[in-house]
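Here's a quick tour of a protein model, written for someone who likes to know the cut-offs behind the words. Have the viewer open while you read.

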Amino acid sequence: MASRAAWALAVLLGALLWTGLPGLPGETAALATSPVAVEARDKEPEGSGYREVVETVEPLPDSGDLKASMRVVTLVPSRGYTPIQVTVHNTGGQPRPVRLSISAQGRRTERSLEVAPRERAVAWLLLPADLQGGTLQMDSPGLDTVAEGFYLDGYRGARVMVLGDVKSFEAATGLGRAPDTTEPLVAARFLEPRTAPRELAAYAGYDAVLVAVPPDQVPADVWAVLESYAVSGGKLVLDQPPANPRLLFPLLQDEKAELSSYGFGFVRQFHECRTRTPGCGFSLWEDTQRSQAVVTPAGPPPRWERHDLLNDGRLPLLTSARAPVGRFMLLIFLFTLAVGPGGWMLARRKGPLAVLIAVPALAVLTSLGLVAWSVLVDGFSVHAARYSFTLLDRERSRAVTVGLNAWYANLAEDGARMPASSVLLAPDDPEDPPRLLDWTNGLVVKNSFLPSRSYREWGEIAVVPSRARLTVRKADGGVRVQNALGAPLRGGTLKLDGHFWALPELADGAEGLATPLDAAPGELLGLAHEPLSRFGDASAPLVQPLENGTFVARLDGRGFTPTAVMDVALDAGLHVVRGQAEEARR
């Protein structure tokens, strides 16, 4: 009897083992469909490993004392600009001025530099990300022009820029190369940290940037650009964080945290992911899946869908960008009546000769009316609507801004200038983009920044010096506020000593009395749906609960981005600013 019971127990255990083995025909349906299993499967990516974008060094033909080479095939970022590395070696004994340029589809990107005798210089040309190749040219006075064509890697998955080599990347993430038949988690581009770009635009388009080398191998000016990349909306990942991260990232709230919000972006430090499964490579992939852009300007619809709406059915942010169809149709209808029935009546009363004189004269008057409407209503100025979110860093006297600008120019506006600490972002599918970009000192847009009688949207990311501030002073049991933000104050909220105060409307430089509030207001932004829909998650840092001494203000004016210096007719605009109030002492 005991032997039969033991035999039955053994058979039962064997059946359980057989049905519980994963991948076998008898796998239990309960395990496959449990909520925990489904949730875990949803979090897992479809691919595995990484795809290395191998960059080859392509030499250009020699030109006298100058030798040059470029690195291709370069990984094109999701948006913005693709940094192209060019190395120039002056083997002669005299300094050489050099102009490097890339021509593609009627557009030109260039940079000028001077190479000292026996010097080897590394220069970066930033090519708009919608271009997949071009022809590199090198010019120097007295020497022949040399040129070389190239193509870029147009991979469309998650794209990561890595400061370091393949070995350090694999040690940091635990990822191996994905087989050709397998979709990778990420595609990686590898740069030498000491020659990495010093412009913010070189990093802003990538889904994440990973520093896979020790901190002392990255120059201080590169660290400054990486900090600007993170605070302006980038996803920065540190494999070997410095001993004191706040020396490089002063806005970190918790220097030991694995993932920290940092301005408009994020900073991740590889700590806990090294000891858990999946590892740090999975965390890197998660970072690439976050909001892909802090600002996404809307482009025009396809040419076969011409109408008043923009791409994806969005509305223009400028009313002047819409043709006054109703008024024009009324004018054309009146012209038709005058030429048709009016011409017939004129011919009966005055004869055919009067019609031959009246019809051309009426056509001229109608054309002059259309021109007069364009001059008197649209004018010759550039019309703009400007919106932005700004974080004021008072201790470092800077403003971190994500901006959106809508433009309409009756006459073409050729140029714009941007510093190296800013990025000018076009829509994903730009129409009639600028034809000449000069990266010698920041970005200078030459020729066709705004075509005539065309509506355009540009996004901007900028980290620029600023002394803007809001000064508060306790007086007579209340709070007096002085507006030193550089623009008219339209309202906002201040938290001081645990109480909330409504900011008054004040002109720039004016002082007023704040109004006490019973609780924090539910709405801090005050932005309409259409401009807000272009900003992605950029509003998240501004709507966080206010800390003591912090304010959120709404401003008129042109905002804090570099294009604010352009002379425009401002049709609309709103700028939301968050910062630490400066408390004045008597």
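## The disulfide

Cysteine 273 and cysteine 280 pair up as a disulfide (a pair of cysteine sulfur atoms within 2.5 Å), and their sulfur atoms sit 2.0 Å apart. The count by this rule is one disulfide. The angle about the S-S bond is 85°, and the link of cysteine 273 and cysteine 280 is right-handed. As a reminder, a disulfide is a covalent bond between the sulfur atoms of two cysteines.

Are these cysteines buried or exposed? Cysteine 273 is buried, with a relative accessible area of 1%, and cysteine 280 is buried too, at 3%. Buried here means under 20% relative accessible area, exposed means over 50%, and partly exposed is in between (1.4 Å probe, protein chains only).

## What you're looking at

This is a predicted model: local features need pLDDT of at least 70, side-chain atom pairs count only at pLDDT 80 or more, and totals for chains, interfaces and linings use all residues. Residues are numbered from 1 along each chain as its sequence is written, and side-chain values use heavy atoms, with hydrogens and water left out.

Helix 7 covers residues 280-288, and eight of its nine residues are buried, so it is largely enclosed by the rest of the structure. The buried ones are Cys280, Gly281, Phe282, Ser283, Leu284, Trp285, Asp287 and Thr288. Helices (H or I, at least four residues) and strands (E, at least two) are DSSP runs, numbered from the N terminus.

Proline 278 is in the loop between strand 15 and helix 7.

## The largest pocket

The largest pocket holds about 1,000 Å³ of space. On a 1 Å grid over the protein atoms alone, a pocket is an open set of points with protein on both sides within 12 Å along at least five of seven lines, a cavity is a set where a 1.4 Å probe fits but cannot get out, and lining residues have an atom within 4 Å of a point. Grid points are joined across faces, edges and corners, and a volume is the space filled by probe spheres set on the points.

What lines the largest pocket? It has 37 lining residues, with Leu251, Gln253, Gly263, Leu391 and Arg578 nearest its centre. Strands that each supply at least two residues of this lining include strand 15 (265-269), strand 16 (382-393) and strand 30 (569-580). The lining splits into 15 nonpolar, eleven polar and eleven charged residues; Ala, Val, Leu, Ile, Met, Phe, Trp, Tyr, Cys and Pro count as nonpolar, Asp, Glu, Lys and Arg as charged, and the others, Gly among them, as polar.

## Two cavities

There are two cavities of 30 Å³ or more. The largest cavity has about 130 Å³ of space, and of its 16 lining residues, Arg79, Ala204, Gly233, Gly234 and Ile461 are closest to its centre. The second largest cavity has a volume of about 100 Å³, and among its 13 lining residues Pro427, Pro430, Glu431, Arg456 and Trp458 are closest to the centre.

Most residues other than glycine have a negative phi, and most peptide bonds are trans. Glutamine 105, not a glycine, has a positive phi of about 50°, and this residue is exposed at 68% relative accessible area. Aspartate 432 also has a positive phi, near 50°, and is partly exposed at 43%.

The peptide bond from valine 72 to valine 73 is cis, with omega near 10°. Valine 73 is in the loop between strand 3 (66-72) and strand 4 (81-90).
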